[in-house]
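Welcome! Take a look at the protein below, and then we will walk through its inside together.

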Amino acid sequence: MPMPAKTKYTVELLCDYPEWWRYNVYIMAVGFDEEGGAATFNNLTDKVYETGGTARHAAPPDDYAMPRILRIETQECAFADIYIYVVANAFPATAVIGEWPPFPVELRVSTDGTAVSEHVYEVNQWGGLTVAGLRVEAKK
């Protein structure tokens, strides 16, 4: 069985939902060597507002730009596991759950410009999103 080639992975999370600013995002990528041992760790924390209390922000901060594209790159590794946590920093304007349906975010993982993994996830506006241990490996 051939060993996976070492490569760098680019992880991108994209969203153009108008209230995407109400969420803080944490992305982690754990790179593994050919034998499957954890070899590298890269992470990104993108906080728009601090969480906690009864936060109800009326609008995004002045320096907030859309679309919001979050990107990290791993160090060279044979394959990687991706972890994403999307956490609300403020609740929707009303407490009527039906008025705030889930919205999509797109996850793209590539190496040398070639897509390795593409997924669309639905973010629950009350519970956020967790993607834990999504394994990505370049095609041989």
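Buried means under 20% relative accessible area, exposed means over 50%, and partly exposed lies in between (1.4 Å probe, protein chains only). This is a predicted model, where local features need pLDDT of at least 70 and side-chain atom pairs count only at pLDDT 80 or more, while totals for chains, interfaces and linings use all residues. Residues are numbered from 1 along each chain as its sequence is written, and side-chain values use heavy atoms, with hydrogens and water left out.

**Cysteines**
- C15 is buried, at a relative accessible area of 4%, and C77 is buried too, at 1%.
- With a disulfide taken as a pair of cysteine sulfur atoms within 2.5 Å, the count is zero.

**The nonpolar core**
- A nonpolar core is a set of buried Ala, Val, Leu, Ile, Met, Phe, Trp, Tyr and Cys residues joined through side-chain atoms within 4.5 Å.
- The largest one here has 34 residues, and L13, W20 and V105 have the most contacts inside it.
- Strands are DSSP runs (E, at least two residues), numbered from the N terminus; β5 (79-88) is one of those supplying at least two residues of this core, and β5 gives the most, with five.
- In soluble globular proteins, nonpolar side chains tend to be buried together.

**Around Q125**
- Q125 sits in the loop between β7 and β8 and is buried, with a relative accessible area of 1%.
- Counting contacts as heavy atoms within 4.5 Å, and leaving out residues up to four places away in sequence, Q125 touches residues including P92, W100 and F103.

Methods. Helix = DSSP H or I, 4+ residues; strand = E, 2+ residues; numbered from the N terminus.
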